[in-house]
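Please open the model in a viewer and keep the selection panel at hand. The stops below proceed from a metal site to the sheets.

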Amino acid sequence: MSFDTIIRNGTVVTASDTFRCDVGIRNGRITAMADTLDDALEIIDASGLYVMPGGIDSHVHLAQPSGDGIVMADDFASGTLSAAFGGNTTVMPFCLQEKGSTLREALKAYHAKAEGECFVDISFHIIVTDLTGRVLGQEPPALVADGYTSIKVFMTYENLRLRDDEILSTLDSARTSGALVMVHCENEDAIRFLIGRHEANGELAPKYHATSRPVAAEREATHRALSLAEIVDTSIVIVHVSNREAMEEIQRARARGGKVAGETCPQYLMLTANDLDATELEGAKFVCSPPPRDEKSQIACWEGLQNGTFDLFPSDHCPFRYDDDQGKLNEKGKRNFRWIPNGIPGVETRLPILFSEGVGKGRIDLNRFVALSSTNHAKLYGLYPRKGTIAIGSDADIALWDPMKSVVISNDILHHGADYTPYEGLEVTGWPVRVIVRGKTVTDGDALVATKGLGNYLARTRSTSF
Ligand code: URP
Ligand code: ZN
Ligand code: ZN
């Protein structure tokens, strides 16, 4: 047999082209693309379907400690299962450095959590929280050589944030080692001041999460992060941008010659601060940071996806159960928004939302969909062209999409560990009906046809985007 699998009669879509051809797969890689291919153990009929690179979700949180008594709703098994059903073949979760640990120790702990558990391929970004010891002096060059080529730093969250001098040191070290630094931009001191004011006024409901983290706190921090990167002349990724003002900071930095990538996420297209003002405590379901803003911000984020300000559209999947004392409605969270864990689920709904609201409603074309959902993630984070495209020699990571299939999103049909979806009742048209990881079918319609452990850990090269 020439091939293990042939995908026949589909329309192949990459970030640059759309064309009819068969795809031949052997030993987990794409080995032929032609009008007609024959001679395989398995023939998949993709008539009427798009044959797209599997989604790469480069911003997800799985099994990450999130405060006393709080447990994330997804571990590596449920999170990667949910990712697969959402059309993804690779996810990039965060590995959190606990204070007092080295980065190597953190990685060892996360590898142990993920080992043998994954349904899709994974690769870690390292969250740096403690710069004491060898963390910046000696660890990054060796880590980059071993394929750990990205770092995230926080400007907010009391226990995670770095001071400006620490961010500068991290950026400067990254310039030397070749790591790419992702920054969560919100001004922690301003937020703490506003939380204190809300508490003094007895304003404790979930909706005050949004007002305690205003656009100005995000805009200011975005400007500062970009300025710090400019000062040490290094590249930077501004993650989860929620509004026009922060987006314009990216545009201005680029106009000055800055090497900047930007991302926005489904919640900033589909939700607003009004969702946090739902009856009773339901608003807790939508608590994430930065918070969803307003309709004008949604329009701005679509513009950013269209005009290239945003290169990436990841989910920032950060799931907590709602009705659970280890989740959103923990004892303290029920009484005060400050203690509601930040983050919402979305790894399974990211791509159907972008397809339906973006391609289906004429806001972006199919090729831009592929760029935003897969190719740009692979390029930015050192996985291209092994991942993120359909080409001879690339891994056979493929999602077959039925552009006509309409689905009403409901938590019942999702595979994550959360007990809700922020998008309950949203009707989408376009759905990933089969997902193939390195030539092996993982999901086929509603059926799971692989066992966990199929997903591999991916070492990465340095970014090829700048
Ligand atoms: O609210 C959010 N986004 N939680 C996840 C952690 C982060 O900041 O990315
Ligand atoms: Zn963040
Ligand atoms: Zn995040």
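Donors are N, O and S atoms within 2.8 Å of the metal (3.2 Å for Na, K and Ca); water is not among the atoms, so sites may look incomplete. This is a predicted model, in which local features need pLDDT of at least 70 and side-chain atom pairs count only at pLDDT 80 or more, while totals for chains, interfaces and linings use all residues. Residues are numbered from 1 along each chain as its sequence is written, chains are lettered from A and ligands numbered from 1 in the order in which they are written, and side-chain values use heavy atoms, with hydrogens and water left out.

Select the zinc ion (ligand 2): its donors follow the spacing K-x31-H-x55-H along the chain. These protein donors are Lys152 (NZ), His184 (ND1) and His240 (NE2), at 2.1 to 2.2 Å. Both Lys152 and His184 are buried (under 20% relative accessible area, 1.4 Å probe, protein chains only). Next, show the zinc ion (ligand 3), 3.8 Å from the zinc ion (ligand 2).

Move to strand S8 (residues 55-60); strands are DSSP runs of E, at least two residues, and helices of H or I, at least four, numbered from the N terminus. In S8, 6 of 6 residues are buried. S8 runs parallel to strand S9 (residues 88-96), joined by 4 bridges, and Asp57 stands opposite Val91.

Finally, select strand S16 (residues 398-408) and strand S17 (residues 427-437), which run antiparallel with 8 bridges between them. Ile398 has Ile436 as its bridge partner.

Methods
Buried < 20%, exposed > 50% of the residue type's maximum accessible area, 1.4 Å probe, protein only. Pairing = 2+ DSSP bridges.
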